[in-house]
Amino acid sequence: NVVEQVRVKVNDAESTVSVEFTPTIPHCSMATLIGLSIKVKLLRSLPDRFKLDVHITPGTHASEHAVNKQLADKERVAAALENSHLLEVVNQCLSARS
């Protein structure tokens with residue numbers, strides 16, 4: 001139940017997609033990786049016109065603000081995806097359920 005359908009909002013007219021995800025525990029060390037993996041899957045699956053917002057469900061993680069700030073920062077996401085090791089980890093995450 002990390003991602004539930006009721007927490008995914010798509011507005012085709014405004015070209016926006018918002019996904020709230022819930023880490024399994026309040027101190028989940030994988031929260032940023034989970035959010036990055038969700039964002040990458042959406043970037044690869046949707047047309048470029050969509051603006052993406054991937055964030056933690058409010059009140060479900062101890063570092064919610066910091067993780068959300070990282071996921072919302074386009075430059076940090078781009079830098080993360082230029083790291084070949086991190087990109088490989090993301091690809092492994094996505095291949096397990098794709």
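A polar contact, for my notes, is a pair of N or O atoms within 3.5 Å; within protein, one must be able to donate a hydrogen and the other to accept it, and residues adjacent in sequence count only if both atoms are side-chain atoms.

I'm looking at a predicted model, where local features need pLDDT of at least 70, side-chain atom pairs count only at pLDDT 80 or more, and totals for chains, interfaces and linings use all residues. Residues are numbered from 1 along each chain as its sequence is written, and side-chain values use heavy atoms, leaving out hydrogens and water.

**Entry 1: helix 4**

I looked up the N-terminal end of helix 4 and found Asn83 capping it, with a side-chain oxygen 2.9 Å from the backbone nitrogen of His85. Helices here are DSSP runs (H or I, at least four residues) and strands are too (E, at least two), numbered from the N terminus.

**Entry 2: helix 1 against helix 4**

I checked how helix 1 (residues 31-45) packs on helix 4 (residues 84-95): the angle is about 75 degrees and the axes are 9 Å apart. Axes are lines fitted to C-alpha atoms, for helices over the stretch in contact, and angles run from 0 to 180 degrees between N-to-C directions.

**Entry 3: His55**

I found His55 in strand 3 (residues 51-56). Is His55 buried or exposed? His55 counts as buried because its relative accessibility is 15%; buried means under 20% relative accessible area, exposed over 50%, partly exposed in between (1.4 Å probe, protein chains only). Its side chain makes polar contacts with the side chains of Glu20, at 3.4 Å, and Asp53, at 3.1 Å.
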